[in-house]
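Q: Hey, can you walk me through a protein model I just opened? I'm new to this.

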Amino acid sequence: MHELVTLSHNLPETARAPLTGVTGNGPRIFIQTYGCQMNVSDSQTIESMLGEAGYRFCDSPDSADVVLVNTCMIRETAEVRALGQLANLSSLKKQNPSMVIGILGCVAQAKRKEVLESHPYVDLVVGPDSYRRLPILLEERFISPPGTPGLLETTLLREELYDDILPRHHGGVTAFVTIIRGCDKFCSFCVVPRTRGRERSRPLPSILREVEHLVAQGVRDVMLLGQNVDSYRWEDRDFADCLLAVADIAGVSRVRYMTSHPSDISEKLLRTMGDHEKICPYLHLPVQSGNNRVLKEMNRPYTRERYSEIIELARRIMPDLALSTDVIVGFPTESDDEFMDTFRLMEEVRYDTAFMFKYSERPLTKAAARLVDDVPEDVKVERLQRLITLQQSIARERNEAQLGKQTSVLIEGAAPKDRNMWAGRTPDFRPVVLPMNGESVGDLVQVQLAALSGFTFHGARLS
Ligand code: 5AD
Ligand code: SF4
C-alpha cells in the first residue's frame, strides 16, 4: 500500500505523527507510523484501545512516557528508516530511563529477536496480530525492574480482525476502514504475507457499524482497505456487495478502495463501480511487470494480455476511470528487453498515477531464497528513471485532457497555500482548489476544471 494524499497502498515510507488528543489522564503516549494506509489504520485501532485504557496522546516523543513506532518493511529503505527512528529514541531514553519504547508492525513481526538483540533499549516488540495485548504488556513493562529484557509478542492469529474496536478517527472527511487483513498471494518479492499472516475478511456488519460511526463524526469519503480487497468474502457476500453496502449508508458521499489484484478482480465489481455514483471511478491495479516471464517469476498468475483486457473492460464500463498501478524494476533476472515490455505497457495503458520501485530483496521471500539480486544498482536506477520520466509526461497529458470537464469536488478543508480557498478532490481523486462561497467541509460542489497549476486544478463553480 501507499501515501495518504496520493492514494496509493504503498505510500509507505512516510512517517506520520498522530494529532494531539486527550483521553483519560494516564501516561502520555506518542505513536509514530511508517508505511501504508494499513499501518495508519492499525495505529488508529491501537490509539482507540489505549485511549480506553486511559492513555493520553501527545504530539512529540520528547514529552511522552511511551513511544510506539509502527514499522514497515516492504522495501529495505522503509525498514532502515523505521529502525533509524528507534535509534534516535535511544538517546531520549538515556535522558528519561523510565520511558517505554515499543516497536510494532511488520519489522517487529519479521525481525523480532534481531530487533531486541540489536536495540537492547527496546521494551516491547509487538506484531500486527498482537495489538490487543498492548495495554497488558505496557502495564507489565511499567512494573518490571530496570534491565528486564524486552517483551516479545508476535503470534500470527488467523482469527484476529480487531472488528470489535472502533479506530480513533483523527478528524476530516476521509477515513480508512480495513475490510480484510493479511494476504495469501505470496508474490515472490513481497514480505507482507510473512508479516501480516493469512488472509481473513471482516464480517460485513462490523464494517458497516464502523462506517456509520465515522459518518456521525463527519466522514463523507470512505476508503476500504486490504492487501487484496477482491478476495473479500463474508457469508455469501463478495467485495462488490461490500462496496455497495457501504455506498448505501446515508451520509457517505464517496467510497474508494485499494488494493485490487488482476487475478481476482471481477467484472461484477467493475459493473458495480460503473453503476453507482458514490463509488469513485478510481482503480489501483498493480501490474508489477509488463513481461510474462517476469510476472511468472514474481508469482503473479496473470499475463500482460489478460491485464490489458481487464483495463480495456474497465474503461469500456467507466470511460472516466482514473487508473493507478505499482511497478517494480530490476526484479532478479529482468533483462533490458523485459524491462522495455513494462515501459511499453505503461505507454499503452497511460496511467494517471504510478508508484514505481526498484526491486529490494526482502528476507523470508521466495525471490530472496531462490534468485540472486543480479540487476546492478545503476541499471535499476536507470530503468526507474526512464519510467518516472515517461509517467510524468503521461500524467501531465492526462491531467491537461481534464480541463473544461464538469465534475464534483468534495471539500476537504482550507487550501494550505491560501486559506481563502477550499481544497478538495474530484471523484477520480484529482486535487482541486476553489474560492470559498459559504460551503462547509464535507460538501459536494459542482465545478468546471478551469485551469491547472502543477498537478492541482482550479475549479470554477457551476451554479
Ligand atoms: N521490492 C520493491 N517493491 C516492492 N513492493 C513489494 N515488495 C517489494 C520489493 N521487495 C511493491 C509492489 C507492491 C507495493 C506495495 O510495493 O509494487 O505492489
Ligand atoms: Fe504483497 Fe502480492 Fe500480497 Fe500485494 S498481493 S501484499 S504484493 S504478496
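Q: Which exposed residues sit on the face of α2 turned away from its buried side?
A: Those are Val 80, Lys 94 and Gln 95. Keep in mind that we're looking at a predicted model.

Q: OK, and which residues of α2 are buried?
A: The buried ones are Ala 78, Glu 79, Ala 82, Leu 83, Gln 85, Leu 86, Leu 89, Ser 90, Leu 92 and Lys 93. They span an arc of only 165 degrees around the axis, so they end up on the same side of α2.

Q: Why would residues a few places apart point the same way?
A: An α-helix takes 3.6 residues for each turn, so residues three or four places apart point the same way.

Q: What covers the buried residues of α2?
A: The cover includes strands β1 (28-33), β3 (66-71) and β4 (100-104), along with helices α3 (105-110) and α4 (112-118).

Q: How many residues does α2 have, and how far does it reach?
A: Helix α2 runs over residues 76-95, which is 20 residues. From first C-alpha to last, α2 reaches 30 Å, close to the expected 28 Å.

Q: New topic: where is Ser 360, and is it buried or exposed?
A: Ser 360 is in the loop between β16 (353-358) and α13 (366-370). Ser 360 is buried, because its relative accessible area is 14%, and the cut-off for buried is under 20%.

Q: Which residues does Ser 360 touch, leaving out those up to four places away in sequence?
A: Arg 75 and Glu 76. A polar atom of the Ser 360 side chain lies 2.9 Å from the backbone nitrogen of Glu 76.

Q: Last one: what surrounds ligand 2?
A: Its shell has 7 nonpolar, 2 polar and 2 charged residues, including Cys 183, Phe 186, His 261 and Arg 300.

Note on methods
Residues are numbered from 1 along each chain as its sequence is written. Chains are lettered from A and ligands numbered from 1 in the order in which they are written. This is a predicted model: local features need pLDDT of at least 70, side-chain atom pairs count only at pLDDT 80 or more; totals for chains, interfaces and linings use all residues. Side-chain values use heavy atoms; hydrogens and water are left out. Helices (H or I, at least four residues) and strands (E, at least two) are DSSP runs, numbered from the N terminus. The expected span of a helix is 1.5 Å times one less than its number of residues. Buried means under 20% relative accessible area, exposed over 50%, partly exposed in between (1.4 Å probe, protein chains only). The arc is that of the directions from the helix axis to the C-beta atoms. Contact means heavy atoms within 4.5 Å. A polar contact is a pair of N or O atoms within 3.5 Å; within protein, one must be able to donate a hydrogen and the other to accept it, and residues adjacent in sequence count only if both atoms are side-chain atoms. A residue is near a molecule or strand if one of its heavy atoms lies within 4 Å of it. Ala, Val, Leu, Ile, Met, Phe, Trp, Tyr, Cys and Pro count as nonpolar, Asp, Glu, Lys and Arg as charged, and the others, Gly among them, as polar.
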